[in-house]
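Trainee: I've got a model open and I'd like to learn how to read it. Can we go through it feature by feature?

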Amino acid sequence: MSGNWGRGRDLVEIELERATRTRTTWTIAGAMVFVAGLVVYGAVHPAAASTGTGGAGPTAAQEIRAAVSGVGTLRVFVTLLGVLLVTSQYHHGDIVWRYLADPSRALFVASKAVACAVIGAFLGLVVLQLAAVMTVVHAGSLGLSRGEAASTVAGTVGAMALAGILGVGVGASVRSQTAAVVGTLVAVLLVEPLVTAVAPAVGAYLPSAAAGAAAGGGAALGWAAGLALYAGYAAAAAATGVILCRRSDV
Amino acid sequence: MYTIRVDHLTKRYGPTVVLDGVSFQAHPGRVTGFLGRNGAGKTTTLRILVGLVAPTSGTATIGGVPYADLADPARHVGALLDGAGFHPGVAARAQLLLLARGAGVHASRVDEVLALTDLADAADRRTGKLSLGMRQRLALAAVLLADPPVLVLDEPANGLDPPGLRWLRDLLRGLAAQGRTVLVSSHQLNEVSVVADDVVVVNAGRVAAAGPVAELTRPRVVVRTPAASVLATALERAGLHAGLDGDVLRVLDATTAQVGDVAAAAGAPIHELRLETSSLEDVFFASIDAGGTRRVA
């Protein structure tokens, strides 16, 4: 048992090392932090933040919620990172070396998923920190109670981690880099908004809405329920990835 | 010591039959050449052997165990397969360090295999910047990382320059001399003929010929006579083994003079008498043209 645990930990560490050695990871992380800065600036800047409010500007609490809600949508970067870290191994052929070293498809998906969850959580903390610092600089305080701050951090970081697992599941299921990336973007940017517009009751339970609720931005779901539902989507994607990887020849 | 054993391997993709009952063995201490035209089924067989492709039926084992059931398989089998590549943005040494870690091999071995494959000077270059030959050497370095007792190499000579080919030849011979099992697929018959102890020829998903190279290429006397069955009986009585094919007899371990004398004594008129020497290329084309299976124990 401890041997399996040790082997699993080794594989996760190898996946983390592989991820940090590729420029894709740093490019996506850099782009995500940059966009997060813009999003938070839009949420807390006086001119941008007060647009449409009519009278007094937003409170610090409203600002941080808007900022967190904004950076929460950046989980698509983490999902794309998960997709690319799997599909690039198939694309470049180094998946062959990976399966020669350890033929278990389940361990491949699992170790990749854990590694991407760690990266997603880390990026979640980075952008949350960014949002907090910018809010404090602008408003003088966060305006959140300790409980609100804890649920915000847990929901946002958890959603970012799950976004990585979701991406790994999609990548392992599709394996074609172009198809997986295009499919993910179409689902997030086109299909989900369309479904939400046509049938809001259904749209409130789609992955993006669930993740948004986890980050404190949901109307139909609380943060814990949103996180649980998003975890269900991530688990389903990862399980599908394992099944399809097992069935596919390399 | 590990024997590679492939038994009645079949692989179908829908209606397409890629492998149709392929069986052969590769033994320790010998280099086994796995030959065939493009699309003959070589790569599919090797991929099944290392668990990357699932067979429709049949088994492939290494030391009696399927690859996926080997404990730490990379420590037992070094495999170079068509399509195996490296991320172009990662340096050669970093790639090998990752693979070494995955295989449970000490990091110091990375520099050893880099030196062995003459890549020490290119170790810190991104693999996308390496030439085709250097990438092939890097792949061979990866294969040798765990110093495995079994090597499965699919077209290892691809991209190598003449010095590289000589190096590879010496490497394979040396590995077999150490008692390792070496299975090498190739369509470069000249390369295989100078390095292989045994060959397996596949054609259209079937084994067309198999056996030791020395046996398959052994010289034989060819005699054409209208009294072929009479001469065959006379040769058997003289202690010579003759293979009969229409009006042609092929006699192993004999001289033209011996066969001519037996024919004269038996009263068989001779229309043709010559010594036939076969190269591996002759064996290859004869076996794939014949369509059947030729095995020499």
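Trainee: Let's start with chain B. How many helices and strands does chain B have?

Mentor: Before counting, keep in mind that this is a predicted model. Chain B has 11 helices and 14 strands.

Trainee: What does the C-alpha trace of chain B span along its principal axes?

Mentor: Roughly, the trace covers about 75 × 40 × 30 Å.

Trainee: And what share of the residues in chain B is buried?

Mentor: Here you count neighbours: a residue is called buried if 20 or more other C-beta atoms lie within 10 Å of its own. By that count, buried residues are 45% of the 297 in chain B.

Trainee: Now a sheet. In what order do the four strands of the open sheet in chain B come?

Mentor: The order is β11-β12-β10-β13 in chain B, with antiparallel pairing. β11 (242-245) and β13 (272-276) of chain B are the edge strands, each pairing on one side only. From one strand to the next, the twist averages 20°.

Trainee: Zooming in, how many bridges join β11(B) and β12(B)?

Mentor: Four bridges, in the antiparallel sense, with β12 of chain B covering residues 248-252. For a landmark, find Asp245(B), which stands opposite Val248(B) in β12(B).

Trainee: Which strands does helix α10 of chain B lie across?

Mentor: Helix α10 (residues 256-266) lies across β10 (220-224), β12 and β13 of chain B, and it runs at about 155° to β13(B).

Trainee: Over to chain A. How far does helix α4 of chain A reach from its first C-alpha to its last?

Mentor: Compare the reach with what is expected at 1.5 Å a residue. Helix α4 of chain A (residues 60-72, 13 residues) reaches 18 Å, close to the expected 18 Å. Its buried residues include Ile64(A), Val68(A) and Val71(A), and also Glu63(A) and Arg65(A).

Trainee: Last one, the interface. How many residues does the contact take from each chain?

Mentor: Count each side separately: 19 residues come from chain A and 26 from chain B. On the chain A side, α1 (2-20), α5 (75-92) and α6 (95-101) each supply at least two residues. α6(A) gives the most, with five. By class, that side of chain A has eight nonpolar, four polar and seven charged residues.

Definitions and conventions. Residues numbered from 1 in each chain as written. Chains lettered and ligands numbered in written order. Predicted model: local features only at pLDDT ≥ 70, side-chain atom pairs only at ≥ 80, totals over all residues. Buried ≥ 20, exposed ≤ 12 C-beta atoms within 10 Å, placed from the backbone. Contact = placed C-beta atoms within 7 Å. Nonpolar A, V, L, I, M, F, W, Y, C, P; charged D, E, K, R; others polar. Expected span 1.5 Å × (residues − 1). Pairing = 2+ DSSP bridges. Axes fitted to C-alpha atoms, helices over the stretch in contact; angles between N-to-C directions.
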